[in-house]
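Student: I'd like a close look at a single part of this model, with the cut-offs spelled out as you go. Could you stay with one stretch and its surroundings?

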Amino acid sequence: MDPVTVVAGAMIVVGILGLIVPVLPGLLLCLAGVLLWAWHVGSATSWTVFGVCVAVAAVGWVVQYTVPNRRLKEAGVPGLAKLAGLVGAVVGFFVIPYVGLFVGFVVGVYLAEQVRLRNPGRAWAATKAAVKAVLTSIGIELAAAVLVSWIWVAGLLLTR
């Protein structure tokens, strides 16, 4: 196997791992790996594979934001709570490496909802809805990245 294909495959694997541990723009990194491979191979098949991967990623990105946001609206979680969760995640990441990202998000959303609702039970219910939405979003992006990797493998087999 040539070195460019190995690097492209490594980029795809790192992209998928970056989605499991959300540190990297995983799906974008997977697409970059497929682009590198398509550029190197330079055939109509490789560029078609890249185009299909871009389409899959685009659908993944749209679904990744629409489905969780719709669920959050249905649960009554306002944008301010999402923003507080984001700020909490960033602060938590630096206070408690890796785990702090998740802890900070939960604490941020809970505190924002507790201030807004003044009811611990309802604040916790909103926090659980926000956590489910984030996990759904990550799952959708992960599914798109895995599908991109499968399409790339199919492209590898087709261009041999």
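By about how many helical turns are Arg116 and Glu113 separated in helix H5?

Tutor: About one helical turn, because Arg116 and Glu113 are three residues apart in helix H5. Before going on, keep in mind that this is a predicted model, where local features need pLDDT of at least 70 and side-chain atom pairs count only at pLDDT 80 or more, while totals for chains, interfaces and linings use all residues. Residues are numbered from 1 along each chain as its sequence is written, and side-chain values use heavy atoms, with hydrogens and water left out.

Back to the pair. Arg116 and Glu113 form a salt bridge, and their closest N and O atoms are 2.8 Å apart, where the cut-off is a Lys or Arg side-chain nitrogen within 4 Å of an Asp or Glu carboxyl oxygen. The structure holds one salt bridge. (Buried is under 20%, exposed over 50% and partly exposed in between, with a 1.4 Å probe and protein chains only.)

Now for Gln114, also found in helix H5, which covers residues 99-117; a helix here is a DSSP run of H or I with at least four residues. At 23% relative accessibility, Gln114 counts as partly exposed. Leaving aside residues up to four places away in sequence, Gln114 touches Asn119, Pro120 and Ala123, with contact meaning heavy atoms within 4.5 Å.

Cys30 is in no disulfide, and its nearest cysteine sulfur, that of Cys53, is 9.2 Å away. Looking from the other end, Cys53 is in no disulfide either, and the nearest cysteine sulfur belongs to Cys30, 9.2 Å away. Cys30 is buried, with a relative accessible area of 0%, and Cys53 is buried with 0% as well.

Definitions and conventions
Helices (H or I, at least four residues) and strands (E, at least two) are DSSP runs, numbered from the N terminus. A disulfide is a pair of cysteine sulfur atoms within 2.5 Å.
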